[in-house]
Amino acid sequence: MSSQNASSLSLVEVMQTRYQENPYPLYHQLREHDPVYWDEAAHSWVLTRYKDVLSALRDPHFTAARFAFDTSGFPAEFQQAIEPPIRALTRQMLFLDPPDHTRLRGLVSKAFTPRVVEAIRPHIQQLVDQLLDTMQTGGHIDLIEHFAYPLPAIVIAELLGVPPEDRERFIIWSGDFGALLEATDISADDAIRGLYGVNEFIQYFRHLIAQRAQAPREDLLQALINAHEGQDKLSEDELLGNCVLLLAAGHGTTTHLIGNGFLALARHPEQFAWLKEHPEQASLAIMELLRYDGPVQATSRVATADMQIGDKHIAAGQNVIMCLGAASHDPEQFYDPDGLHLDRKENHHLAFGQGIHYCLGAPLARLEAEIAFASLARRLSQAKITDEQAVQWFSGIVFRGLGKLPIVLA
Ligand code: HEM
């Protein structure tokens, strides 16, 4: 790609094709030559500079209410089927502005304070040990299937009180939800499948919530139900939509962090050796793995006022994509941005976003990853991929992760 025509490329096209393996060179090209560019295929402005992404995420002149689907052209039957999921999804805190966002986040955040999350450390360690104990030294496994995928699924399912026998189902639905977040067009197959999946997800939660009327418990789901039934601070759509959000957000992203992180360590053996020597620094190391190859590469907002970003005029109503992955590799902000330095200090990456929508589950994701990587570093002499060809990326504009990661337990 020549530097002159960097901005004529579509982020959508590029992320789904040849830059899937490594999008960072593209981000550099865009940042250097057209840091605020109009992406025709995504119908959006795209920001790639750290300072622009940071200030846009903090700017109240953007709305998070970007989940607007016009379904008027579809058959009545289809419209009917997707109406409940659309209603509930639009009430997820991720798509709300203050004051609704403040109220909802306030209710849910009590379950995710660092203190509450820290209390489940021993249980997460136990789960990690159980998963690793089933693997034989010298054996070949797919790290995603046997470790990165089940660990966060079990943790979030337990937090929300989803019985073990139902986990498989919600894992499929959370994949459908992810596909929906990636979709740029409601008529796309992925978007339609995603909406049907989310509908099943919602029906399932209705059933789980109904069961609680007979047998209340002490967990996150019960706290949300109580908020709904108590002073009616949480509507039914809000209750359902945010259950879907917590399950979906809490699962795939953390799987990707473990997968992307392990691959990064396999490709930087000296960094894995450092982690083996300093397992107590795993928490610091996780921040660098998040910066280096984060699971969420982008988010978006809609401008509510005309504004200027860099030398571009953004009109009210236009969509803006904030490229978190590009911001976290901006050389203006990070020394050796494409290098992996697990002991990096002052690491203000944007992998968890910024501003009022900063990831609510960050303490939980960090804890799971910290325990996972410290335990892997203790048990393995090296981080070794058995077959580079079999490493399978799937990535769109938003999410970046691995479908397969074959490793040897040596
Ligand atoms: C929001 C990333 C894990 C729950 C976000 C945002 C990002 C993000 C970038 C902000 C999106 C935006 O501004 O549009 C990640 C990453 C994770 C992770 C990289 C794992 C490594 C989790 C977990 C949970 C969770 C484990 C819950 C159990 C949420 C929720 C929001 C959110 C509820 C919405 C917050 C709001 O709108 O106020 N996450 N996340 N995330 N995340 Fe996470």
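**Notes on the predicted chain and its ligand shell**

1. His 43 sits in the loop that links strand E1 (36–39) to strand E2 (44–47), where helices (H or I, at least four residues) and strands (E, at least two) are DSSP runs numbered from the N terminus. Although His 43 is not a glycine, its phi is positive, about 50°. With 13 other C-beta atoms within 10 Å, His 43 is partly exposed; a residue is buried with 20 or more other C-beta atoms within 10 Å of its own, exposed with 12 or fewer, and partly exposed in between, the C-beta atoms being placed from the backbone.

2. This is a predicted model, in which local features need pLDDT of at least 70 and side-chain atom pairs count only at pLDDT 80 or more, whereas totals for chains, interfaces and linings use all residues. Residues are numbered from 1 along each chain as its sequence is written.

3. Asp 336 also has a positive phi, near 40°, without being a glycine, and it belongs to the loop between helix H16 (324–327) and H17. Asp 336 counts as exposed, with 9 C-beta neighbours inside 10 Å.

4. The peptide bond joining Pro 98 and Pro 99 is cis, with omega about 5°, and Pro 99 lies in the loop between helix H4 (76–90) and helix H5 (100–109).

5. Around the ligand there are 25 residues, of which Gly 250, Thr 253, Gly 353, Cys 359 and Gly 361 come nearest; a residue is near if its C-beta atom, placed from the backbone, lies within 6 Å of the molecule. Helix H13 (236–267) and helix H17 (362–379) are the elements giving two or more residues to this shell, and H13 supplies the largest share, seven residues.

6. Overall, the chain has 17 helices and 12 strands, and 43% of its 410 residues count as buried.
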